[in-house]
Amino acid sequence: MIDYALLFSFAAVAIALVINLWRLATGPTVMDRVLAGDTMVVNTIAIIILYGIQNNTTLYFESALLLAMFSFISTVAYCRFVLRGDVIE
Amino acid sequence: MMSFVVEIFIALAIVIGGTFVLVGSLGLLKLPDLMSRLHGPSKATTLGVGGCLLASMLHFSKFNGDLSMHELLVTLFLFITAPVTAHFIALAHLHTHPHIKTECPLPKATVDGQPTKPFPRE
């Protein structure tokens with residue numbers, strides 16, 4: 001039963017990633033693209049965790065944590081660059 | 001029997017997580033402007049990832065016999081940083097589109113008899 005749920009969820013997250021890629025390519029403003037990139041990283045974390053459930057291994061949680069940290073830091077850096085014109089003043 | 005019930009909960013959490021991730025991205029695709037589009041990823045997608053992490057936590061506590069804290073760490077980090085990210089993106093969007101401040105409807109509420117400012121954060 002978990003296998004079928006995993007298949008459904010993989011398909012849903014894959015469609016979500018394609019939608020985010022569409023928004024990343026055709027976003028009208030800069031912040032649309034930043035938001036799409038941030039959402040893509042969050043969806044990648046979801047797909048990594050589902051892959052870990054499928055393979056019965058806890059090896060991938062560190063990569064998920066690292067991706068979460070880097071997504072937060074990079075989004076804040078983009079926003080500071082747009083707000084201030086510089087990342088570190 | 002107990003294992004079967006736990007398996008049902010895991011499958012339910014996985015399906016709910018995938019559905020909410022998809023709904024958040026659909027909101028990112030379909031909503032009209034950026035202030036509306038912020039709602040999809042910052043709420044629905046975070047909830048979807050939370051569902052996947054809950055399923056993972058249940059699955060590995062059933063598989064290994066003890067509760068692992070890695071998922072809790074990722075969940076906590078994502079749930080703390082999602083509103084901060086959304087707030088920063090909204091601030092940057094207001095910075096690049098200053099006319100939004102004048103186009104927004106004024107709030108009706110008053111503070112101590114004084115009408116509230118149109119946009120308090122200058």
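Leaving aside residues up to four places away in sequence, Thr75(A) touches Val34(A), Asp38(A), Thr85(B) and Phe88(B). Contact means C-beta atoms, placed from the backbone, within 7 Å. This is a predicted model: local features need pLDDT of at least 70, side-chain atom pairs count only at pLDDT 80 or more, and totals for chains, interfaces and linings use all residues. Residues are numbered from 1 along each chain as its sequence is written, while chains are lettered from A and ligands numbered from 1 in the order in which they are written.

Thr75(A) sits in helix H3 of chain A. Helices are DSSP runs (H or I, at least four residues), numbered from the N terminus. Thr75(A) counts as buried because 22 other C-beta atoms lie within 10 Å; the cut-off is 20 or more, with C-beta atoms placed from the backbone.

Thr85(B) and Phe88(B) are among the buried residues of H4(B). What covers the buried residues of H4(B) includes these helices:

| Helix | Chain | Residues |
|---|---|---|
| H2 | A | 30–55 |
| H3 | A | 61–84 |
| H2 | B | 34–37 |
| H3 | B | 39–64 |

H4(B) kinks by about 25° at Thr81(B), shortly before the proline Pro83(B). The bend is the angle between axes fitted to the seven residues ending at a residue and the seven starting there.

Across the interface, 44 residues of chain B are in contact with 43 residues of chain A. H4(B) gives the largest share of chain B's side, 15 residues. That side of chain B holds 26 nonpolar residues (Ala, Val, Leu, Ile, Met, Phe, Trp, Tyr, Cys and Pro), three charged (Asp, Glu, Lys and Arg) and 15 polar (the others, Gly among them).

Methods: Helix = DSSP H or I, 4+ residues; strand = E, 2+ residues; numbered from the N terminus. Buried ≥ 20, exposed ≤ 12 C-beta atoms within 10 Å, placed from the backbone. Contact = placed C-beta atoms within 7 Å.
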